[in-house]
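Let me put the structure up, and then I'll talk you through it, starting with a loop.

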Amino acid sequence: MSAVQHIARTGQFLARVSDLTSLSPRMRRITLAAPAVADQSWPLACDIAVVLSDTDFDREVRRRYTVRATTGDSLVVDAVLHGHGPGSTWAAGLSVGDEVTFFGPRGEVPLPDPNAWALALTDESGLPAIAALCEAMDRPVQVLAEVADPSEHYPLPAQASVRWLDRNGLPAGAPDLLTAALADLEAPSGPGYAYVIGESRVAVALRDSLGRFGLSRADVYAKGYWNLNSRPTR
């Protein structure tokens, strides 16, 4: 397993694809191996920026992926194959042994207070981050997860009490399914914390509807992982 270069000053890694697994028709697990991965600290649900070539515009682009897990010199990311754009094309076309250049790590997703209940709202793009968060918690996490259809139910840890919301042909990037599921959810008692990950405008709308759970904006981690009106970033 040869992955040969790490420039610590810039956080640049040259890795090789050591394993590929299909988690579902539209989710591919990519394991990247580089000796320097073991020397780097990887914050919870941080991301990396993979360097790609956009052949449509003859330029270099970067696409960000959540670090699902690290073990020794290996780093795992799960990529959504949404069928268009340089990121999806790259992830679908990879073979074991391919070289991959990426930068990172960047960012970190916070853990809630140990006494707070936890709620997560997400679409496919946020499932790897939610999975990493659930593994890091020692309590149940209520998850409302929107996906394309039942074949896209992602392997979440045992801590996740998940309700799957299948679009079944409806377009992605609308708040309707998650908003309706949230309205049906009974607000837990006591302090809480919520994670909202997905399309940018949907994340904002859902964040602003969490006040009835007694959550202030400081109690909500809301992050747009993609934008319906622009090229996907993941």
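Let's start with asparagine 168, which sits in the loop between β10 (160-166) and α3 (176-183). When I say helix or strand, I mean DSSP runs, H or I of at least four residues for helices and E of at least two for strands, numbered from the N terminus. Before I go on, a word on where this comes from: it's a predicted model, so local features need pLDDT of at least 70, side-chain atom pairs count only at pLDDT 80 or more, and totals for chains, interfaces and linings use all residues. Residues are numbered from 1 along each chain as its sequence is written, and side-chain values use heavy atoms, with hydrogens and water left out.

Back to asparagine 168. Its phi is near 50°, a positive value in a residue other than glycine. Most residues other than glycine have a negative phi. Is asparagine 168 buried or exposed? Asparagine 168 is exposed, at 55% relative accessible area. The cut-offs here are under 20% for buried, over 50% for exposed, and partly exposed in between, with a 1.4 Å probe and protein chains only.

There's another positive phi at alanine 45, near 55°, again in a residue other than glycine. Alanine 45 is in the loop between β3 and β4, and with a relative accessible area of 8% this one is buried.

Most peptide bonds are trans. Proline 105 belongs to strand β7.

Now let's zoom out. How many helices and strands does the protein chain have? The count is 4 helices and 12 strands. The radius of gyration is 18 Å, close to the 17 Å from the globule rule for 234 residues, so the chain is as compact as a globular protein of that length. That radius is taken over C-alpha atoms, and the rule is 2.2 Å times the number of residues to the power 0.38. The C-alpha trace spans about 50 × 40 × 30 Å along its principal axes.

Of the 234 residues, 47% are buried. The exposed surface comes to about 10,800 Å², and carbon and sulfur atoms supply 50% of that. Those areas are from the Shrake-Rupley method with a 1.4 Å probe, and for residues only the protein chains shown count as cover.

On contacts, which means heavy atoms within 4.5 Å: take the pairs at least 6 apart in sequence, and 64% of them join residues at least 24 apart.

Leucine 178 gives you an example. Leucine 178 is in helix α3 and is buried, at 3% relative accessible area. Leaving aside neighbours within four places in sequence, leucine 178 is in contact with Leu121, Thr122, Leu144, Glu146, Leu165 and Leu206. With threonine 122, the separation is 56 residues in sequence and 8.1 Å in space, C-alpha to C-alpha.

Aspartate 19 is partly exposed, at 36% relative accessible area, and leaving aside neighbours within four places in sequence, its contacts are Arg29, Ile30, Thr31 and Val96.

In helix α1 (residues 85-93), the buried residues are Pro86, Gly87, Ser88, Trp90 and Ala91. They pack against β3 (27-33), β4 (47-54), β5 (59-71), β6 (74-80) and β7 (99-106). As for helix α2 (residues 127-136), 8 of its 10 residues are buried, so α2 is largely enclosed by the rest of the structure. Among those buried residues are Leu127, Pro128, Ile130 and Cys134.
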